[in-house]
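Here's a protein to look over together.

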Amino acid sequence: MTKNTQLARAITDRRDDLIALTQDLIRIPTLNPPGRDYRAICDYLDRRLRGSGFETELIRAHGTPGDSDKYPRWNIIARRTGGQPGDCVHFNSHTDVVEVGHGWTKDPFGGELIDGKIYGRGACDMKGGLAASIIAVEAFLATNPTFSGAIEISGTADEESGGYGGVAYLAEKGYFDPACVQHVIIPEPLNKDRVCLGHRGGWWAEIETFGEIAHGSMPFLGDCAVRHMGAVLTEFEDKLYPAMAARHTDMPVVPEGARSSTMNINSIHGGQPEQEADYTGLPAHCVPDSCRIVIDRRFLAEENIDDVRGEVKALLEGLKANRDRFDYDLREMNVVLPSMTDREAPVVQVIAAEIEKVLGKPAEFVASPGTYDQKHIDRIGKLKNCIAYGPGILELAHKPDEYIGVDDMIDSAQVMAGALTSILTPTQSRT
């Protein structure tokens, strides 16, 4: 029996373990915000990986956005070194999940297995990918005890809110220094037959319009900030959205709609704050003197960030010049530049070759519509040999009844384990 056959069997023999591991991870409700149970999931991974011979380190990202004694930002990095010098392959997965939302027909933290699918918040994005990478590594170690180099597995915080309490913090501390880590695979759900080379850019900003409070029966004595915000939204609809739709990128972004610039109105708040759920009274009669929106602007590699900012600023300034009593404040919240790994990079070529070997068809090269932690590994860590590859259907991320297919996890684990064989095992040991 060849090494490759032994490795493939070692993964399929771990099917039940893969299911149980994924279910366990889903059942730890690591909701972000606010950042629940980060330590609990790190402790779980710590026990699992130390049992597989890894040395582990738990790292709190002190002082990062959201970090507090109530919701500390915990991360784990596990490392196992081989018997000979060689490259280090690092599998990085975020452990946080987004809010549940409405519309579920399954328990969002139940991890139910139904017809070969495991359901739950984070099943697809990305606890299934984390579980698949662990199974891939454990199967590889069982069949290649004399490998060269090193393997690292990390579980990191806050990717869903920018990654600053996770990969960004670790990159700043040198954990992704190219002298220490040479290949990074992020098992995000981009579909098992795709190599994701990078992502679009993102610009997040808050816009506030101002007014003057007055009695609601005499609105002419005040100035309605919500109406001013309506004018902003009208400018966006009439001018900004058509301009963005006309722009297209050469980046292989999926799905097709994301090959144009896009913007989401993330939230809107105007007037009186909402009362507690048990409040039974009526609202007071007031003209709102403030209205705020948060915009989530995704931009292309062909766009300049200064132009992205300036386009919105120009629309607001136009309103200020032409609309009576209009005033505003624009506050930048975050900016992420586009990131792309070269298609000829070593990790790209290795994963693509393994996809073709396992699935029997050429890999598709794509870019992500949203940002993920590659941005920090690239910009802060200065490590360019980084991709996203993992199981899961991209369009299921953040949706109700999110799930991960067990067969997809098995196939992706085969790809990831094959990549370890190509990078860390001398050629003569693979026959």
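Q: Which residues touch the most other members of the largest nonpolar core?
A: Ile151, Val195 and Ile351 do, in a core of 62 residues. Helix 4 (residues 123-143) gives the most to this core, with 11 residues. Just so you know, this is a predicted model, where local features need pLDDT of at least 70, side-chain atom pairs count only at pLDDT 80 or more, and totals for chains, interfaces and linings use all residues. Residues are numbered from 1 along each chain as its sequence is written, and side-chain values use heavy atoms, leaving out hydrogens and water.

Q: What makes a set of residues a nonpolar core?
A: The members are buried Ala, Val, Leu, Ile, Met, Phe, Trp, Tyr and Cys residues, joined through side-chain atoms within 4.5 Å; buried means under 20% relative accessible area with a 1.4 Å probe, protein chains only. Another set, of 24 residues, lies apart from the largest one and includes Ala61, Val167, Val366 and Leu394.

Q: What does Val195 touch, not counting residues up to four places away in sequence?
A: Its partners include Val348, Ile351, Phe365 and Ile387. Touching here means heavy atoms within 4.5 Å.

Q: Which residues line the largest cavity?
A: Among them are Ser339, Gln374, Asp378 and Cys386; lining residues have an atom within 4 Å of a point. Strand 13 (339-340) and helix 9 (374-379) each supply at least two, where helices (H or I, at least four residues) and strands (E, at least two) are DSSP runs, numbered from the N terminus.

Q: What makes the space of about 1600 Å³ a pocket?
A: A pocket is an open set with protein on both sides within 12 Å along at least five of seven lines, so the label follows from that test. Of its 48 lining residues, the closest to its centre are Glu160, Trp204, Asp296, Arg298 and His398. Strand 10 gives the most to this lining, with four residues.

Methods: 1 Å grid on protein atoms, 1.4 Å probe; cavity = no way out; pocket = protein on both sides within 12 Å on 5 of 7 lines; lining within 4 Å. Buried < 20%, exposed > 50% of the residue type's maximum accessible area, 1.4 Å probe, protein only.
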